[in-house]
Amino acid sequence: MGILDDVHTYCVQHGLHYSLSSGTLIGAVRHKGYIPWDDDIDIYMLRQDYEKFLENYHDEKGTYRVLNPKKEQHYYYTFAKVVDQRTKMVEKETAGYEIGVYIDVFPVDYVTDDVRERERIFKYKRLLYKIRRCKISVTNPLRSRLAYWCYRLLPVSVAVLNRWIERLIVSSKPTNTLCHMTEAGPSVRGCFPAQDMASYVDLPFESHVYKAMAGYDDHLRRTYGDYMTLPPEDQRVTHQFEAYWL
């Protein structure tokens, strides 16, 4: 929350917009704070604000740092994170790549209004991200060992894959539809009307107040269905990590 406080202050001071997202947004609406079994924070930024944030964000005290996927060497993720440099987080899925405790910063992009074309793009997107993950991960992230080695040995560099992915997901032409298009993004049904994110409102979260897209209810229902109903206990999962003060 210390990281989110600093990001919120920076965005307000510099005229950038963000919205609580994913489980953090559900938590704000349903619990006025964290979902009881949740353990991270996610925010959305429209692509234009996201790129400006990555280029210019800084913490004068040097406590927090933004990790830009385009600039970090051997970066595992396809979206940005802001980390607390006083900490260390160890995650099983990123063995050998350790960063500080973080919040996730996801870009939101315009996508085609044509549903069939959107499904084609999502299919291609999943394939490119699958190949990228195999090339970066030291453990097999797929069910098939053969597919893992085929993708891993494919004579295409991660840098080239990143350029292909960016050309596929980044659209400079506004449409009526938005979607989070990174590897961690939702399915096609997670796309939502651009109008939902045309303005922002304040929402309480753990006795603080942060920003959320004005159409948060429409967005959450499209993505999660009846998000106000608690899921079964066996679906209340947390992330697997260890975190330390340095």
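Me: What volume does the largest cavity have?

Reply: Start with the general idea. Rolling a probe the size of a water molecule over the atoms shows where empty space is left. Now this structure, which is a predicted model. Its largest cavity has a volume of about 30 Å³. The count of cavities of 30 Å³ or more comes to one.

Me: Which residues line the largest cavity?

Reply: Look for Y76, R132, R133, I136 and E183. By class, two of the lining residues are nonpolar, none is polar and three are charged.

Me: How do I tell a cavity from a pocket?

Reply: Ask whether the probe can get out. In a cavity it fits but cannot get out, whereas a pocket is an open set of points. The largest pocket here holds about 1100 Å³ of space. Its lining has 41 residues, and S22, G23, D40, D42 and H239 are the closest to its centre.

Me: What is the volume of the second largest pocket?

Reply: About 560 Å³. The lining of this second largest pocket is made of 27 residues, and P69, K70, Y77, R132 and N162 lie nearest its centre. Elements giving two or more residues to this lining are α3 (47-56), α4 (115-136) and α6 (158-169). Seven residues come from α6, which gives the most.

Me: Let me try a single residue. Where does V188 lie?

Reply: Find the loop between β7 (177-179) and β8 (192-193); V188 lies there. Next, compare sequence with space. V188 and I121 are 67 residues apart in sequence, yet 9.6 Å apart in space, C-alpha to C-alpha.

Me: Which residues does V188 touch, leaving out those up to four places away in sequence?

Reply: V188 touches R118, E119 and F122.

Conventions. Residues numbered from 1 in each chain as written. Predicted model: local features only at pLDDT ≥ 70, side-chain atom pairs only at ≥ 80, totals over all residues. Heavy atoms only, no water. 1 Å grid on protein atoms, 1.4 Å probe; cavity = no way out; pocket = protein on both sides within 12 Å on 5 of 7 lines; lining within 4 Å. Points joined across faces, edges and corners; volume = space filled by probe spheres on them. Helix = DSSP H or I, 4+ residues; strand = E, 2+ residues; numbered from the N terminus. Nonpolar A, V, L, I, M, F, W, Y, C, P; charged D, E, K, R; others polar. Contact = heavy atoms within 4.5 Å.
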